[in-house]
Amino acid sequence: MHRYLRAVGFSSIQKREEFEALTKFTSECYQTEETAVTAEGEDFSERRKAFAEQIGLLVRGVYDEKDEYHEEYCIPYFTGKTERFYEDMVIERHAEKESYAGVCDDMNLGVSLIFYVQNVTEYLNKIRYERMESASASLILSGLSVEGKILMPIYQKLPVVSEIRSNQERSRMIQAARDGDEDAIENLTIEDMDTYSMISRRIADEDVFSIVTTHFMPCGVECDQYNVMGDILSVDLRENNHTKEKIYVMTIETNGIVMDVCINQADLMGEPAPGRRFRGIIWLQGLVHFEEKW
């Protein structure tokens, strides 16, 4: 049973029998279906049923020789709306089942971003007749959360030209460091040491969340889960039409990345509003829009 079911409004599902019944209902009453052929020659299918705008359940399974459908697993999904272009995106299959993880480099983070791919059938159809290891593609990131808090904002002056140029220079140095530039690596190391020293001085008299305004860092042992804190840009309250549970959908900006996060109203501590901050653990999903020519 998936931990993030409650994020899309199914917090009452506690037993495996209830989850199996919900999976069966979604599989039989699906609204859209996409199919593809796997590397093993199986007819793979994704069936989706929305229970709120951009929010629902996704059942993946295969068709047998008699054209009968067999469900393999069911996951909650949430589709965001903010699109971003990435180069050299890599998509790899998980070992235990027909599911995939995407990996791309984000200069704002300075690390690789790992996410759970939502549209597997589209990817399988793209690679059916071509062998591809990486590609340029646009990506819509979204996060599902089962625990979160609302933090009040802190006073920040508007970024001046020098600060904007400094951020651009840091992105340039990160790219140069990835290409093996030793001077860029040394400059980034010195900058990180200066930042650490500044935080060490201020932490004695200030709260850590008044120093660190946003963050985006891996959480736990699963590669696609992150601990994030970001400024809330917009908030929308939606309702699961099956359970009538309320779901918050927030657009947040964290470390230069704009993305959408959904969380059950019961799991969010505080009242979200634009200008405030969201802090929580998310399961990162991604909808990949593949280029026509890879």
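**The charged patch and the salt bridges**

Modeller: Glu42 counts as partly exposed, because its relative accessibility is 38%. The classes are buried (under 20% relative accessible area), exposed (over 50%) and partly exposed (in between), with a 1.4 Å probe and protein chains only. The areas come from the Shrake-Rupley method with that 1.4 Å probe; for residues, only the protein chains shown count as cover.

This is a predicted model, where local features need pLDDT of at least 70 and side-chain atom pairs count only at pLDDT 80 or more, while totals for chains, interfaces and linings use all residues. Residues are numbered from 1 along each chain as its sequence is written, and side-chain values use heavy atoms, leaving out hydrogens and water.

Glu42 sits in the loop between strand S1 (32–37) and strand S2 (43–52). Strands (E, at least two residues) and helices (H or I, at least four) are DSSP runs, numbered from the N terminus. Glu42 belongs to a negative surface patch, together with Glu40, Asp43, Asp67, Glu68 and Glu72. Patch members have over 30% relative accessible area and no salt bridge; like charges are joined within 9 Å, and nonpolar side chains (Val, Leu, Ile, Met, Phe, Trp, Tyr) within 5 Å. Asp and Glu count as negative, Lys and Arg as positive; His and the chain ends are not counted. The place of a charge is NZ of Lys, CZ of Arg, CG of Asp or CD of Glu.

Asp67 is another patch member. Asp67 lies in the loop between strand S3 (55–63) and strand S4 (69–78). With a relative accessible area of 58%, Asp67 is exposed. Its backbone stands out too. Most residues other than glycine have a negative phi. Asp67 is not a glycine, yet has a positive phi of about 65°. Asn255 also has a positive phi, near 50°. Asn255 is found in the loop between strand S11 (246–254) and strand S12 (257–264). Its relative accessible area is 26%, so Asn255 is partly exposed.

Now the paired charges. The structure holds ten salt bridges (a side-chain nitrogen of Lys or Arg within 4 Å of a carboxyl oxygen of Asp or Glu). One joins Arg3 and Glu147, with the closest N and O atoms 3.3 Å apart. This pair links distant parts of the chain: Arg3 precedes H1, Glu147 is in strand S8 (residues 135–151), and they are 144 residues apart. Arg3 is partly exposed at 45%. Glu147 is partly exposed at 37%.

Another salt bridge joins Glu33 and Arg47, with the closest N and O atoms at 3.1 Å. Glu33 is in strand S1 and Arg47 in strand S2, so the pair ties together parts 14 residues apart in sequence. Glu33 counts as partly exposed because its relative accessibility is 28%. Arg47 has 9%, so Arg47 counts as buried.

Glu46 and Arg48 also meet in a salt bridge, at 4.0 Å from N to O. Both ends are buried: Glu46 has a relative accessible area of 2%, and Arg48 has 14%. Elsewhere, salt bridges that share partners join Lys24, Glu28 and Glu71 into one network.

The side chains of Ser11 and Glu245 make a polar contact of 2.8 Å. A polar contact is a pair of N or O atoms within 3.5 Å; within protein, one must be able to donate a hydrogen and the other to accept it, and residues adjacent in sequence count only if both atoms are side-chain atoms. Ser11 is in the segment before helix H1 (16–28). At 19% relative accessibility, Ser11 counts as buried.
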